[in-house]
Amino acid sequence: MVSHSENSIERENAVLKRELSELKRERDKYKRLFDISADALSIIDLATGRFIECNSSALAMHGVNSEQNFLALSPADLSPEFQPCGTRSAELAKTYISNTATKGHQMFRWAHSRLDGSKLQCLVSLSAFEVPGTTLVLAIGRDISDIIQPKETVAKANTEIEKYESAIQLQQERFRAFVEQAPVGIAINRFTDGAFVLVNKEFTEFSGYKLEEINKLSCWELTPSKYEKEEAKQLSLLDTIGRYGP
């Protein structure tokens with residue numbers, strides 16, 4: 001005959017088995033999600049600052065051929081000696097990992113290097129979580145090189161454009177200063193209708209027109225009719241050979 005105590009133990013064992021089975025299913029589910037993630041996932045031991053787990057995407061992104069080789073590395077081993085900000089990667093990695101435990105979630109841009117020496121830009125997210133006896137850090141990395149490089153190319157092109165614009169503006173200012181200070185009358189006219197675009201002070205003095213008056217006129221209005229035929233000839237030469245005159 002089975003005692004009440006034995007029945008109680010069997011019920012407790014059955015409950016414990018169900019709980020263990022449920023925990024195993026949950027563990028396997030998250031382990032599966034961890035393994036198949038397209039993002040590079042790794043887990044860092046806060047105490048040592050070294051990797052203790054990684055998924056296949058982390059291996060592929062960093063060009064490491066096995067999990068065993070990956071776990072022998074530290075975050076600094078997968079980075080150039082210096083980050084773009086000028087700080088050593090080893091020093092900055094420790095700071096970010098430490099801040100994750102003391103200040104909470106960290107997200108930042110990070111320059112990584114593959115084992116073959118090639119470089120990539122990543123967006124990195126760090127989150128700390130507790131397990132019995134220690135604190136671990138989940139690192140999520142995403143390669144954003146394809147996004148960053150076009151932006152940097154555009155930024156560089158914009159910088160070059162600004163340089164050219166500054167150079168052109170400087171040349172225009174120098175040209176205008178030359179025109180204004182010239183001891184002879186200088187006028188710039190629009191080829192299509194002869195309208196005055198720019199005249200210097202000397203031109204206004206010997207022509208007898210004020211600047212605001214000249215701006216409303218064209219060269220045809222200042223040319224006597226007896227010169228119109230010769231003027232048309234010279235303009236034709238300007239159009240064909242690029243020279244007017246003498």
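Analyst: Happy to! Buried here means under 20% relative accessible area, exposed means over 50%, and partly exposed lies in between (1.4 Å probe, protein chains only). This is a predicted model, where local features need pLDDT of at least 70, side-chain atom pairs count only at pLDDT 80 or more, and totals for chains, interfaces and linings use all residues. Residues are numbered from 1 along each chain as its sequence is written, and side-chain values use heavy atoms, with hydrogens and water left out.

Helices (H or I, at least four residues) and strands (E, at least two) are DSSP runs, numbered from the N terminus. Let's settle on helix 4. Its buried residues are Ser89, Leu92, Ala93, Ile97, Asn99 and Thr100. Viewed down the axis of helix 4, these buried residues fall within an arc of 160°, so they line one face of the helix; the arc is that of the directions from the helix axis to the C-beta atoms. The face turned away from that buried side carries exposed Lys94, Thr102 and Lys103.

What covers the buried residues? The cover includes strand 1 (40-45), strand 3 (106-113), strand 4 (119-131) and strand 5 (134-143).

Just after helix 4, glycine 104 takes a positive phi of about 105°. Next, strand 3: six of its eight residues are buried, so strand 3 is largely enclosed by the rest of the structure. Strand 3 pairs with strand 4 in the antiparallel sense over eight bridges, where pairing requires that DSSP finds at least two bridges between the strands. Glutamine 106 stands opposite leucine 126 in strand 4. The hairpin of strand 3 and strand 4 has five residues between the strands, and there glycine 117 takes a positive phi near 95°.

Notes: Contact means heavy atoms within 4.5 Å.
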